[in-house]
Amino acid sequence: METKEIKSPEVLSEMPARVGGISDSFHRKKLGIYFKESDDRRTAIGGGYIGGTTPVNIRGKPITDLSKTGGWIAAFFIFGNEMAERMAYFGLSVNMVAFMFYVMHRPFSSSANAVNIFLGISQASSVLGGFLADAYLGRYWTIAIFTTIYLAGLTGITLCATMSTFVPNQDQCNQLSLLLGNCEAAKQWQMIYLYGVLYLTGFGAAGIRPCVSSFGADQFDERSRDYKSHLDRFFNFFYLSVTVGAIVAFTMVVYIQKKHGWGSAFGSLAIAMGISNMVFFIGTPLYRHRLPGGSPLTRVAQVLVAAFQKRNASFSSSELVGLYEVPGRRSAIKGSGKIAHTDDFRFLDRAALQLKEDGADPSPWRLCTVTQVEEVKILLKLLPIPACTIMLNVILTEFLTLSVQQAYTLNTRMGHLKLPVTCMPVFPGLSIFLILSLYYSVFVPLSRHITGHPHGASQLQRVGIGLVVSILSVAWAGIFERYRRNYAIKHGYEAGFLTPMPNLSAYWLLIQYCLIGIAEVFCIVGLLEFLYEEAPDAMRSIGSAYAAVAGGLGCFAATILNSVIKSVTGDAKRGRPSWLSQNINTGRFDYLYWLLTVLSIINFCAFLYSAQKYKYRAKPDPGIGEQNVNKVIGKPV
């Protein structure tokens, strides 16, 4: 049926002239009545989509029978991909430090920094994956392409560990030679190759990290009565699959390395990724897809440019026609529903301010829809919350590398069983597994009784709980490291930083490991669910990428922090070791942990302020368009 432009009534265009005595702030508070709805040029972009939730098949056609697609069965096919990616991620994060030290003959500090850069790339590059998924490829094809890249990187790492050509000569390189730095150094081209395939693997995570959780959540029907419950459980099960991948990396992969060597260990990661890719593709007929909504960065840029061009326009001007929006329930953005106008970041509203001078067919770089403006507002409003989780990721990164050095000086025997040092980080995974298993049976009923919240705690409350527990974790790490260092000096182990002290158990590290595991459960799971629900419909992959970017920035921040501390606290001329000396017994890891504790407390205060200011996004009303028009023309709503 042919559609016509809905004109603003004359009374509206005359209103500013009649109420010129009323302050501009009054008009700003009433922006919601200034809607002018049109269905001209914007509808051509996406054809219009109700609610932003219309599921399609892989060919982009609407799914006629939803009962044959999606749901938990489809989600479980997706879980496997994330499990394998996490298995490789944690397997490399722990084993690669030891591989570079023992095989490539690199110092611990430079090995840890290289791994931190890998961790940062694998998370920070998620912005690219989220952008491609939301703009052009869709989540399915983004995952498919980048898992293939990930597999290629793992294959390259396996070749490096398998073929002697890619590693330096290992003859006459014993532990003493390693300590003294007398082993043959890796050639420059060998390190370039290793860094290349390692960072290629990290880049492969760009399309997995931001898309897998969102693609899995897409499998559930937003119109279902149990949607909220399904979504809550999905993100918990999703992180459970992440945890299982981590546990396998810290146990089975380490065992394979001890028994069969580095090539077999890294090869097992490549095989697991290959199998997960096959499982993911097998589930293709079951998946529900969301159409990509075009470049979100272009839409953001259009809003900023349009708002700047109209920066001097007044909301009480006689030239005002209204705030521009398309009519009815349909959004102009493919894959997105309409978003109600809010009073946040009011300077951006000028991008949707339609003036008489705009003409009948204005450029999208001069006039944007209200929904497009609200997308940008939401992205800005979300930023402080994931930014406050960067500190947690700094702690996680430091624990992954520094705790391994601590464990080398401790007794890792448990009865007759002696655990390899690289197995120690499995304990946070086990604590996460336990907490997630008991989450619905213990935590939710208990916290529901305290808070009255149907899910026990809101998403932001869970993030806050996680941040508090992370502070306890790093504070305990500082206390124990001080005790461990003093014990080593007192009992004559100061020079033997790779010699385990038989009477000091490594299982004291379990306290900090388990606490940081609990912090992850509450903070990261709550953050993922928060970002998925609050992000604009057509930007959910980018919303999920916020969490991964926070993780990547945490890795980079840890690397920068380590470099600064080494340069500031160490003085080779005076023989003063840095806090992060390769000999942990002459260094001061405890000072670093206390510094992280202070920074975490400051970060938590910033989170409390941001969480208190944040307003949860109002869910779209199916009649939002008609209601605003009726307000303008005076009809009852």
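1. Overall make-up. The protein contains 21 helices and 9 strands; helices (H or I, at least four residues) and strands (E, at least two) are DSSP runs, numbered from the N terminus. This is a predicted model, in which local features need pLDDT of at least 70 and side-chain atom pairs count only at pLDDT 80 or more, while totals for chains, interfaces and linings use all residues. Residues are numbered from 1 along each chain as its sequence is written, and side-chain values use heavy atoms, with hydrogens and water left out.

2. Burial and surface. Of the 637 residues of the protein, 58% count as buried. Here buried means under 20% relative accessible area, exposed means over 50%, and partly exposed lies in between (1.4 Å probe, protein chains only). The protein exposes about 26300 Å², of which carbon and sulfur atoms supply 64%. Accessible areas come from the Shrake-Rupley method with a 1.4 Å probe, and for residues only the protein chains shown count as cover.

3. Contacts along the chain. Among contacts between residues at least 6 apart in sequence, 85% join residues at least 24 apart. A contact means heavy atoms within 4.5 Å.

4. Helix α12. This helix covers residues 296–309, has 14 residues and reaches 20 Å from its first C-alpha to its last, close to the 20 Å expected at 1.5 Å a residue. The expected span is 1.5 Å times one less than the number of residues. Which residues of α12 are buried? They are Pro 296, Arg 299, Val 300, Gln 302, Val 303, Ala 306 and Ala 307. Seen down the axis of α12, these buried residues fall within an arc of 160 degrees, so they line one face of the helix; the arc is that of the directions from the helix axis to the C-beta atoms. On the other side of α12, Leu 297 and Phe 308 are exposed. The buried residues of α12 pack against α6 (126–162), α13 (370–382) and α19 (540–569).

5. Aromatic pairs. The structure holds 39 aromatic pairs. Rings of Phe, Tyr and Trp (its six-membered ring) pair if their centres lie within 6.5 Å; planes under 30 degrees apart count as stacked, over 60 as edge-to-face and the rest as tilted. Tyr 140 and Phe 280 form a stacked pair, 5.3 Å centre to centre with 20 degrees between the planes. This pair links distant parts of the chain, with Tyr 140 in helix α6 and Phe 280 in helix α11 (residues 262–282), 140 residues apart. Both Tyr 140 and Phe 280 are buried. The rings of Phe 280 and Phe 281 have their centres 5.7 Å apart and their planes at 65 degrees, so this pair is edge-to-face. Phe 280 has 1% relative accessibility and therefore counts as buried, whereas Phe 281 is partly exposed, with a relative accessible area of 36%.

6. An aromatic cluster and charges over rings. One aromatic cluster is formed by Trp 72, Phe 76, Phe 79, Phe 220, Phe 234, Phe 235, Phe 237, Phe 238 and Tyr 532. Elsewhere, Lys 381 lies over the face of Tyr 614, at 5.8 Å from the ring centre, and Arg 588 lies over the face of Tyr 591, at 4.1 Å from the ring centre. A charge sits over a ring if NZ of Lys or CZ of Arg is within 6 Å of the ring centre and within 35 degrees of the ring normal.

7. Thr 147 lies in helix α6 and, at 0% relative accessibility, counts as buried. Not counting residues up to four places away in sequence, Thr 147 touches Asn 81, Ile 208, Met 273 and Asn 277. Leu 269 lies in helix α11 and counts as buried at 1% relative accessibility. Leaving aside neighbours within four places in sequence, Leu 269 is in contact with Met 87, Ala 88, Gly 91, Leu 92, Leu 154 and Val 253. Leu 269 and Ile 157 are 112 residues apart in sequence and 10.0 Å apart in space, C-alpha to C-alpha.

8. Positive phi values. Most residues other than glycine have a negative phi. His 105 has a positive phi of about 60 degrees although it is not a glycine. His 105 is placed in the loop between α4 (71–102) and α5 (108–124), and is buried, with a relative accessible area of 13%. Phe 345, also a residue other than glycine, has a positive phi near 45 degrees. Phe 345 lies in the loop between β4 (330–331) and β5 (353–355) and is partly exposed, with a relative accessible area of 31%.
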